[in-house]
Amino acid sequence: MRKYLTIFLFLIAVTYSGLVTGQQRFPKPEFSSGYVTPSPTTPEPRANLLEYADVVVLLVVLSVASWIAIRKRSRRAMLWLSVFSLLYFGFYREGCICPIGAIQNVTLTFADPLYAISISALLIFLIPLIFALFFGRTFCAAACPLGALQDLLIITPFSTPVWIRKTLSFIPYVYLALAVLYAATGTDFIICRYDPFVGFFRINATFNMFLIGACFLGLGLFFARPYCRIFCPYGALLNIMSRFSKWHLSITPAQCIQCKLCSTSCPFDAIEHPTEEQKSETTQGRNLRRFITFGLLIPVWILVGGYIGAQSHVFLSKANPQVHLTELLIAHPELKNDTGNIDIQTFLSSGKSFEQQVKEAQIIRHKFYIGGWFFGGFLGLVIGLMLMNQSVFRKRTDYQPHKGDCYSCGRCLKYCPVKKDGTVEEIA
Amino acid sequence: MADDKKLNRRDFIQNSMRTTLGIAVVGLGGLSMLRSKGENWVWQIDPFKCTWCGRCATSCVMTPSAVKCVNAYDLCGYCDLCTGYFKNGVKDLNTGAENLVCPTSAIVRKFIEEPYFQFDIVEKLCIGCGKCVKGCTQFGNGSFILQIRHDRCKNCNECAIARMCPSDAIKRVPANTPYMIKSDFIRK
């Protein structure tokens with residue numbers, strides 16, 4: 001009888017102690033045959049040196065791309081360079097790490113005291129921005145594997161009305177602000193999670209991501225580089241940098257003769273046409289007044305945006321797994337009995353009290369409240385600047401690329417009949 | 001004359017904005033550099049937090065998952081009746097598939113000496129489901145643990161399993177200490 005009781009107690013002890021993680025129940029045997037305990041293998045991760053090699057490759061590609069865009073002026077060279085980048089950064093490095101995703105690493109460096117970005121990732125984030133400040137968006141032209149993939153699949157690009165383009169160009173800023181907000185609150189890296197092409201590079205996309213990627217590529221046949229133009233958050237940063245670039249690709253190597261041959265050559269509608277005749281004095285006066293009014297309205301936009309952002313913090317915080325779980329438990333306490341819900345069962349067996357969980361979720365939600373002010377304020381600033389920019393009249397006499405929107409891909413170059421010495425090519 | 005003035009104004013705005021943006025970018029870089037410790041990060045599973053829920057097998061971007069079972073031999077009891085190897089309540093200790101915990105028979109049972117057996121993981125077959133880890137940790141020493149194998153891991157910028165992990169066991173660890181293999185039964 002006592003024996004059974006012992007076994008019974010032993011079984012209970014085993015069952016309950018199982019909830020606590022491992023303990024020594026069976027001592028390690030003393031082998032008499034001279035057996036030596038092996039140690040588990042630990043394959044090393046990718047060497048640090050190779051990470052720096054990526055930085056060097058990026059630096060070389062960007063230098064060559066800038067040289068091609070500004071000096072060599074060759075579309076073919078740019079195309080082959082982008083194919084190299086597609087193969088190296090895309091299919092060999094499998095899309096990771098890229099400057100687009102590094103936005104979130106930089107954010108997390110400032111938001112999470114336990115995390116600090118590695119030097120190689122930081123350089124990969126900074127180098128294209130600095131290049132854009134001097135040479136335009138040569139990163140987009142030749143170094144970005146996402147851009148290269150879309151660029152190769154432009155078949156019959158259609159021109160889109162300017163109001164659609166201007167409206168769509170707001171989306172990258174929203175995406176950028178959301179990515180920073182979610183990275184700063186430790187919720188998610190949405191840029192990486194919803195990267196439509198990384199599944200192609202790794203040839204292992206889930207069905208949904210494959211479908212999204214295929215939609216982007218399909219749309220790209222007619223609306224050139226859709227991801228770059230209406231989503232890419234890093235493109236938004238490069239756009240700002242490139243607007244003030246010191247040098248930039250120019251369509252003509254000498255004096256523009258206004259032949260209009262290049263006017264439809266750009267699949268991205270990034271060529272600006274010469275402005276109409278000199279505007280009258282009254283129009284200029286009205287423009288100036290509008291410019292000043294819109295400029296003064298910017299603080300209002302920031303405040304309104306920030307207020308809306310802060311008010312929507314509850315909604316925005318739903319994406320955080322911990323907030324989501326807590327909300328779920330408060331709304332549906334009966335789910336505690338659902339043995340199939342792994343998240344809830346893990347929480348219940350973790351020994352953490354429900355009050356503690358709620359408290360932590362509230363801290364996260366408060367971060368979203370603060371972040372919401374910045375999120376909305378930033379978007380308000382963008383709207384304000386965009387509107388102010390609308391009232392700026394820039395006189396142009398030549399066909400020029402829009403420095404912000406131009407990817408420096410070089411397609412327009414071969415349409416220009418002007419040679420470097422200023423003579424005009426004969427057209428048969 | 002008027003044109004010159006206008007061009008100069010445009011140049012001035014361009015130059016000052018370029019300088020401002022340049023300082024902003026370099027400043028951001030410098031601040032991040034100050035915080036950075038110069039090391040790379042990789043993802044790893046904390047075996048003391050892991051609750052062997054099975055999501056490692058399904059959430060990884062790799063198929064099969066880059067998470068594999070590892071036997072921390074130092075902790076292993078070399079049991080004949082290994083609860084990570086045999087299912088609960090098997091009648092005979094033979095290697096018929098119906099008796100085994102591992103769905104892909106990735107565990108090799110090797111006789112050492114009476115009554116001890118060594119258990120090795122065939123990584124090619126292991127899918128990281130954690131069933132053996134559950135068996136070993138609940139009823140044995142807990143020497144089977146799940147680890148991210150860095151020869152397979154793509155080191156995604158954000159680990160897809162970390163996002164799904166219910167016990168928050170997957171964290172970034174410095175690349176020079178890329179594994180968290182148990183060396184004791186309790187966390188030190």
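Q: Is strand β4 (residues 116–121) of chain B largely enclosed or open, and how many of its residues are buried?
A: In this predicted model, burial means under 20% relative accessible area, with exposed over 50% and partly exposed in between (1.4 Å probe, protein chains only). Strands are DSSP runs of E, at least two residues, and helices are runs of H or I, at least four residues, both numbered from the N terminus. β4(B) is largely enclosed by the rest of the structure, because its buried residues number 5 of the 6.

Q: Which strand of chain B pairs with β4(B)?
A: Pairing needs at least two DSSP bridges between two strands. Here 6 bridges form, and the strands run antiparallel. They make a hairpin with 2 residues between them, and Glu113(B) stands opposite Tyr116(B). The partner is β3 (residues 107–113) of chain B.

Q: What distance separates the end C-alpha atoms of helix α9 (residues 171–184) of chain A?
A: The expected span is 1.5 Å times one less than the number of residues. For the 14 residues of α9(A) that gives 20 Å, so the model agrees with expectation: the ends are 20 Å apart.

Q: Which residue with positive phi follows α9(A)?
A: Buried residues of α9(A) include Tyr173(A), Leu176(A) and Leu181(A). After the helix comes a residue with phi near 65 degrees. That residue is Gly186(A).

Q: Is Phe189(A) buried or exposed?
A: Phe189(A) sits in the loop between α9 and α10 of chain A. Contact means heavy atoms within 4.5 Å. Leaving out residues up to four places away in sequence, Phe189(A) touches residues of chain A, including Leu108(A), and of chain B, including Arg172(B). Its relative accessibility is 3%, so Phe189(A) is buried.

Q: What area is buried between chain A and chain B?
A: The contact takes 73 residues from chain A and 68 residues from chain B. Phe26(A), Phe110(A) and Phe244(A) supply 10% of the area that chain A buries against chain B, more than any other three residues. Buried area is the accessible area (1.4 Å probe) lost on putting two parts together, summed over both. Carbon and sulfur atoms give 59% of a total of about 5,900 Å².

Q: Which residue of chain A forms a salt bridge with Arg163(B)?
A: A salt bridge puts a side-chain nitrogen of Lys or Arg within 4 Å of a carboxyl oxygen of Asp or Glu. The count between chain A and chain B is 4. For Arg163(B), the closest N and O atoms are 3.7 Å apart, and the partner is Asp188(A).

Technical notes
Residues are numbered from 1 along each chain as its sequence is written. Chains are lettered from A and ligands numbered from 1 in the order in which they are written. This is a predicted model: local features need pLDDT of at least 70, side-chain atom pairs count only at pLDDT 80 or more; totals for chains, interfaces and linings use all residues. Side-chain values use heavy atoms; hydrogens and water are left out.
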